[in-house]
Amino acid sequence: MTHPAVHPPIHVHDGGPGTAARSGRRRPWLVPAAITAGGLPLGLLWWLLAPAGLNLLTRDATLGSGTNPETWLPRDLVLAGLFLLAGCVTGVLAAGNRPARLRATAVFLAVAAAAAGALLAWGTGVLAGGWWGPAEDTSASASIAFSLRAYPVLLIWPAATALALFLATAFTGSEPDGAAAGAGPSTAA
């Protein structure tokens, strides 16, 4: 009679691949860099969706040119909506699964990275409009070119990130002292 082979569990103790994250060595710059890099696709998405850009959102021919002043506000609102969504996602991802243990430096880095990402998204969208958009005569107004008229829109992504982080920490219960230290339940009476 043959018995199937049973393999004991494998434990990695030699510092093999993938043990850097488990051993406590982290790359603190990785999350802020990823948040900032998110500005590149957001800027491209802004140019693809917004009026006076590629205008995939409405596909209305009258909103396809920056010479129509009715395109200027919707163009800014598309970027504002993208920043609001990005801020909510950024805040939730930065909070992680233990927002009660979130440090002030992590909050500051997430909000600062969101601000840098907003600037990168704005520059990317304007650059995409200059490269792939039609040549516009901007002598009448600089807003004819694909641009941002309402600069406070750039504050939406960092503000939404800060709000999402605040709500994540405010509406999650604080961890008991034993759970934060990794100890079991207390039996002291």
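The second largest pocket is lined by V31, A34, I35, G38, P41, L42, A86, V89, T90, L93, A94 and W157. A pocket is here an open set of points on a 1 Å grid over the protein atoms alone, with protein on both sides within 12 Å along at least five of seven lines, and lining residues have an atom within 4 Å of a point. Two or more residues of this lining come from each of α2, α3 (39-49) and α4, helices being DSSP runs of H or I with at least four residues, numbered from the N terminus. Helix α4 contributes the most, with five residues. By class, the lining comprises ten nonpolar, two polar and no charged residues; Ala, Val, Leu, Ile, Met, Phe, Trp, Tyr, Cys and Pro count as nonpolar, Asp, Glu, Lys and Arg as charged, and the others, Gly among them, as polar. The pocket holds about 170 Å³ of space.

The model is predicted, and local features require pLDDT of at least 70, side-chain atom pairs pLDDT 80 or more, whereas totals for chains, interfaces and linings use all residues. Residues are numbered from 1 along each chain as its sequence is written, and side-chain values use heavy atoms, without hydrogens and water.

The largest pocket has a volume of about 630 Å³. Its lining consists of 18 residues, of which R26, A94, L102, R103 and A106 are the closest to the centre. Helices α2 (30-37), α4 (72-95) and α5 (104-132) each provide at least two lining residues, and the largest share, four residues, belongs to α5. This lining divides into ten nonpolar, three polar and five charged residues.

Five aromatic pairs were found in the whole structure, a pair requiring ring centres within 6.5 Å, with planes under 30 degrees apart termed stacked, over 60 edge-to-face and the rest tilted. W46 and F146 form a tilted pair, at 4.5 Å centre to centre and 50 degrees between the planes. This pair joins helix α3, which holds W46, to the loop between α5 and α6, which holds F146, across 100 residues. Both W46 and F146 are buried, that is, under 20% relative accessible area, with exposed being over 50% and partly exposed in between (1.4 Å probe, protein chains only). R75 lies over the face of F146, at 5.8 Å from the ring centre; the criterion is CZ of Arg or NZ of Lys within 6 Å of the ring centre and within 35 degrees of the ring normal.

Technical notes: 1 Å grid on protein atoms, 1.4 Å probe; cavity = no way out; pocket = protein on both sides within 12 Å on 5 of 7 lines; lining within 4 Å. Points joined across faces, edges and corners; volume = space filled by probe spheres on them. Phe/Tyr/Trp six-rings, centres within 6.5 Å; stacked < 30°, edge-to-face > 60°.
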